[in-house]
Amino acid sequence: MVFAMVTSLIANSLDEKVSPIIIDSVEVVVVVVVVVVVGGVGVGEGASECNAPARKGALTLAEDQDDRSTDGELMMIYKSLYFHCMAN
Amino acid sequence: MKLLKLCVIVAFFLNVTFSFSQTNFSGIVNYETSINERKMSDYVNVKRKKIKNKQLIKTLDKVFLNTKSIKSTLLFSNGEGLFHVDDKISIDEKDLAEKINRIFSGGSKIYYYNDSTKNYLIKDCESVGECLIYDNTLLEWELTQESKIINGYTSYKATRSKGKVIAWYTPVIPVNFGPKGEFGLPGLILELEVGKVIFNATKIVLNPKKQPKVEKPTNGKLVSKEEYNKIIQKAKENVFGKGN
């Protein structure tokens, strides 16, 4: 749940088409949790540097994956690459 | 009289074979997954050269050149089966290559098969942050006569999805399941090439003393395959945009 919400937040904040994001207390809690999870790296710091390579990497790795759950794997690979990038 | 004797013998063997394949037949199969060498070579010789981001090349190199295999298990008992990766992914795991290889091998998904009720399910608790249980549809296999010996069992090659997925199954073990949700072949899958990885059966125990416990996955939102695809597609569009 945390991953999904944060992934969504990150993606929204980085897309070319800017959409208004209403930050309520629940989202603030989620961001705080993730800051702890990734070892103190803030979501804003390096997020733009990690998003594009994580997307490119995920597409490269998942391009010929199994057709039973391709997109589910794509999302998981993206998250792994993104958090790895953010933590390094 | 001779004909009657022959009929009795044939009936006996048919009965034994049927009993063997349908009831009180259980087993545990261990698999190990490694990066498919053909895919690795394709990456090194073609795809790597097209990537400009050096950090990304470093990351992908780690994944493709990873030599550590991932262990997984298939349990089956009386027409039901369950496949899962042995070690779960932890969020703080530092070895990225191992983590990606685990995702390729099935990640934390649970694959359930039931030949009696024709109920085949996948439980996915990671892709979108909530546990979803959805139908695992049968994908048509193309059988071939090509054969080889795997772990002492004569195995035959089958392919699906225009040859993208290759399975080697043995009719000697009459179980229609295999790793990572694959099913529908006339025998146990001992080797499976899917995506970037290969599953190899490393140990097969038939009719173990302690019968394996196969339980239908619960504690998740039941959705159809179409609903699951919609949910995943929505999450995917948030990250990758439309059209990917």
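User: How many bridges join β5(B) to strand β6 (residues 132–135) of chain B?

Analyst: The model is predicted: local features need pLDDT of at least 70 and side-chain atom pairs count only at pLDDT 80 or more, while totals for chains, interfaces and linings use all residues. Residues are numbered from 1 along each chain as its sequence is written, chains are lettered from A and ligands numbered from 1 in the order in which they are written. Helices (H or I, at least four residues) and strands (E, at least two) are DSSP runs numbered from the N terminus, and two strands pair if DSSP finds at least two bridges between them. β5(B) and β6(B) run antiparallel, B:L121 has B:D135 as its bridge partner in β6(B), and the number of bridges is four.

User: Which residue in the turn of the hairpin of β4(B) and β5(B) has a positive phi?

Analyst: Strand β4 (residues 110–114) and strand β5 (residues 119–124) of chain B pair in the antiparallel sense over five bridges, with B:Y113 opposite B:Y120 in β5(B). The hairpin leaves four residues between the strands, and the one with a positive phi, of about 60°, is B:K118.

User: Which residue stands opposite B:Y113 in β4(B), where strand β3 of chain B pairs with β4(B)?

Analyst: Strand β3 (residues 80–85) of chain B pairs with β4(B) in the antiparallel sense, over four bridges. In this pairing, the residue opposite B:Y113 is B:G81.

User: Which are the edge strands of the twelve-stranded sheet in chain B?

Analyst: The sheet is open, its pairing is mixed, and its order is β7-β8-β9-β10-β11-β1-β2-β3-β4-β5-β6-β12. From one strand to the next the twist averages 20°. The edge strands each pair on one side only, and they are β7 (142–150) and β12 (221–223) of chain B.

User: How are β8(B), β9(B) and β10(B) joined, and which residue is the bridge partner of B:W168 in β10(B)?

Analyst: Strand β9 (residues 165–170) of chain B pairs antiparallel with strand β8 (residues 153–160) over five bridges, and B:K157 is opposite B:W168 there. The hairpin of β8(B) and β9(B) has four residues between the strands, with B:S161 at a positive phi near 50°. β9(B) also pairs antiparallel with strand β10 (residues 188–194) of chain B over five bridges, where the partner of B:W168 is B:E191.

User: Is the crossing of α3(B) and α4(B) left-handed or right-handed?

Analyst: The axes of helix α3 (residues 54–64) and helix α4 (residues 96–104) of chain B come within 8 Å and cross at roughly 60°. Axes are lines fitted to C-alpha atoms, for helices over the stretch in contact, and angles run from 0 to 180 degrees between N-to-C directions. A crossing is left-handed if the near helix is turned anticlockwise from the far one by less than a right angle, and right-handed if clockwise. This one is right-handed.

User: How many nonpolar residues are in the contact of α3(B) with α4(B)?

Analyst: B:T59, B:K62 and B:V63 in α3(B) meet B:L96, B:A97 and B:I100 in α4(B); contact here puts the C-beta atoms, placed from the backbone, within 7 Å. Ala, Val, Leu, Ile, Met, Phe, Trp, Tyr, Cys and Pro count as nonpolar, Asp, Glu, Lys and Arg as charged, and the others, Gly among them, as polar. One residue is polar and one charged, and the nonpolar count is four.

User: Why does B:P212 count as partly exposed?

Analyst: B:P212 is in the loop between β11 and β12 of chain B and touches B:S26, B:I28, B:L75 and B:S77, its neighbours within four places in sequence left aside. A residue is buried if 20 or more other C-beta atoms, placed from the backbone, lie within 10 Å of its own, exposed if 12 or fewer, and partly exposed in between. B:P212 is partly exposed because its count of C-beta neighbours inside 10 Å is 17.

User: What percentage of the residues in chain A is buried?

Analyst: Chain A has four helices and zero strands, whereas chain B has five helices and twelve strands. In chain B, 34% of the 244 residues count as buried. For the 88 residues of chain A, the value is 42%.

Notes. Contact = placed C-beta atoms within 7 Å.
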